[in-house]
Amino acid sequence: MTSAAAAPAAGVLPDLTGRRVHVKVPATSANLGPGFDTLGLALARYDELEVSVPDAAGLDIEVHGVGAGEVPLDASHLVVRAIAHTFARAGVELPPLKLVAHNSIPHGRGLGSSGAAIVAGVVAAKGLLEGIVEFDPDELLALATELEGHPDNVAPALFGGLTIAWVTPEGPRHKKLIVHRGVSPLVLVPEHEMSTALARSLQPESVPHEDAVFNVSRSALLIAALIQSPELLLQATEDKLHQHYRAQAMPETDRLIRALRAAGHPAVVSGAGPSILVLASDPSERAEAIRLVEASADTVWQALPLAVDFKGATVQAA
Ligand code: HSE
C-alpha cells in the first residue's frame, strides 16, 4: 500500500463525510474445468452499489434484487466486512456508512456472488479513500483473497477478462488475458443452491499423480483454446481434480454436463456449482445447448447467455 498524500497514522479518521462512490462488479465463473482455484472468467452480469459516508453515525444498508430480505443488514454484511477489512489495513478508522445495493448475480449458484460482494467492498473502500491512501492491483487482490480464501473468483471480478491467479509467499498474483471473440459463454442456473464449503469438503487431501498431470495438460491447453483456438475447448475443459468428487452433491448438474459434453458442448461446473458453464464457440451452439438442457432436465434451469466482461470492477465518485 502506498500513500498518495501523507500516510494516515493508525486509527485516524480523515473527514470523509459526503464522499459517495458507485461500484459495479461482474459475475465470475471459476475453475473453467481443469483450472481448479486458478482460472476465472468475468461475465457481463453485475452487482451495483452506492456507498456513501453520511454525517450521522451508524450503518444503513438497503438491498434490492438478489438477496433482498435474505442477507444481513448489519456489520456482518459481506460488503461491509470487506470495506472494514480494507480500512483496517489502511489504518483508517471506519466512518459511518450508507450502502444501497442492486444485485443481479445469483447467490449460491457458482457465479461468484460472494467474491463480487468482497470485491465491491474492497473497491468501494479504495474509492472512499481516494487521495488519502492508494492501493496497487496486487494489494486489492490480496485484500479480496484474504476474505474469499482463494483468488480464482476475485481476480476476474477485480480485473475482468480471463484471469490466471496464483499464490506466492508475497501474496496472490494474477495475469489477465483477452478471450477470443468467438467464445460465447452460456450459464445454466438451477433453482437450488450449493454451498461452496460443502463442495470443498468433498475434495480429497491428495490426488493420483496421473490425474494431476492430466489437469496440468488440460489447463495449459485451455489457455490456448480460450485466447486462440476455441475449436479445442471440448478437450481443453476436461478435468479430473474436482468435478467428479463433487458430483454426488449435485447429481443433475453432473448428468446434464455429461449429456452436453456427449453432444460436443464444452460444459463444466461453474465454480463450486451447481450452475453449468458452456464455453460455446458461437451463438448457435448456445441455442443448441439450451434446447438440450430444456429437453433433458428434471427441474427448471435458467439460461443466461452472457458476454465476457473485459473491464472488471469499476468505482467512480458519484
Ligand atoms: N475454486 C473454487 C472451488 C471456486 O471450486 O471451490 C468456488 O469458490
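Helices (H or I, at least four residues) and strands (E, at least two) are DSSP runs, numbered from the N terminus. Pro274 lies in the loop that connects strand β8 (267–269) with strand β9 (276–280). The structure is a predicted model, in which local features need pLDDT of at least 70 and side-chain atom pairs count only at pLDDT 80 or more, while totals for chains, interfaces and linings use all residues. Residues are numbered from 1 along each chain as its sequence is written, and side-chain values use heavy atoms, with hydrogens and water left out.

Pro274 is a place to begin with the backbone. The peptide bond that runs from Gly273 to Pro274 is cis, and its omega is near 5°. Most peptide bonds are trans, and most residues other than glycine have a negative phi. Asn31 has a phi near 80°, a positive value in a residue other than glycine. Leu32 also has a positive phi, near 55°, and is likewise a residue other than glycine.

Asn31 sits in the loop between β1 (20–30) and β2 (39–52), and Leu32 is found in the loop between β1 and β2. Are these residues buried or exposed? Buried means under 20% relative accessible area, exposed means over 50%, and partly exposed lies in between (1.4 Å probe, protein chains only). Asn31 counts as buried because its relative accessibility is 3%. Leu32 has a relative accessible area of 0%, so Leu32 is buried. Contact means heavy atoms within 4.5 Å. Leaving aside residues up to four places away in sequence, Asn31 touches Phe36, Asp37, Leu39, Asp152, His242, Arg246, Gly271 and Ala272.

Arg19 belongs to the segment before β1. Its relative accessible area is 29%, so Arg19 is partly exposed. Which residues does Arg19 touch, not counting residues up to four places away in sequence? They are Val51, Ser52, Val53, Gly127, Leu128, Leu129, Glu130 and Ile132. Arg19 and Leu97 are 78 residues apart along the chain, and their C-alpha atoms are separated by 9.9 Å.

The next topic is charge. Side chains of opposite charge can pair when their charged atoms come close. A salt bridge is a side-chain nitrogen of Lys or Arg within 4 Å of a carboxyl oxygen of Asp or Glu. The structure holds 11 salt bridges. One of them joins the side chains of Lys98 and Glu62, at 3.5 Å from N to O. Lys98 is in strand β4 (residues 97–103) and Glu62 in strand β3 (residues 59–65), so this pair ties together parts that are 36 residues apart in sequence. Lys98 has a relative accessible area of 25% and is therefore partly exposed; Glu62, with 32%, is partly exposed.

Asp138 forms a salt bridge with Arg173, and the closest N and O atoms are 3.4 Å apart. This pair links distant parts of the chain, since Asp138 is in helix α3 (residues 137–148) and Arg173 in strand β6 (residues 171–177), 35 residues apart. Asp138 is partly exposed at a relative accessible area of 29%, and Arg173 counts as partly exposed at 23%.

The side chains of Arg218 and Glu238 also meet in a salt bridge, at 2.7 Å from N to O. Arg218 lies in helix α6 (residues 209–227) and Glu238 in the loop between α7 (233–236) and α8 (243–246), so the pair ties together parts that are 20 residues apart in sequence. Glu238 is partly exposed, with a relative accessible area of 28%. Elsewhere, salt bridges that share partners join Asp60, Glu62 and Lys98 into one network.

Helix packing comes last. Axes are lines fitted to C-alpha atoms, for helices over the stretch in contact, and angles run from 0 to 180 degrees between N-to-C directions. Helix α2 (residues 113–128) packs against α3 at an angle of about 140°, with their axes 9 Å apart. Angles under 35 degrees count as roughly parallel, over 145 as roughly antiparallel, 65 to 115 as roughly perpendicular and the rest as oblique. α2 and α3 are therefore oblique to each other. The contact is made by Ser114, Gly115, Ile118, Val119, Val122 and Lys126 of α2 and by Leu140, Leu143, Ala144, Leu147 and Glu148 of α3.

The axes of helix α9 (residues 251–262) and helix α10 (residues 283–296) come within 10 Å and cross at roughly 135°. α9 and α10 are therefore oblique to each other.
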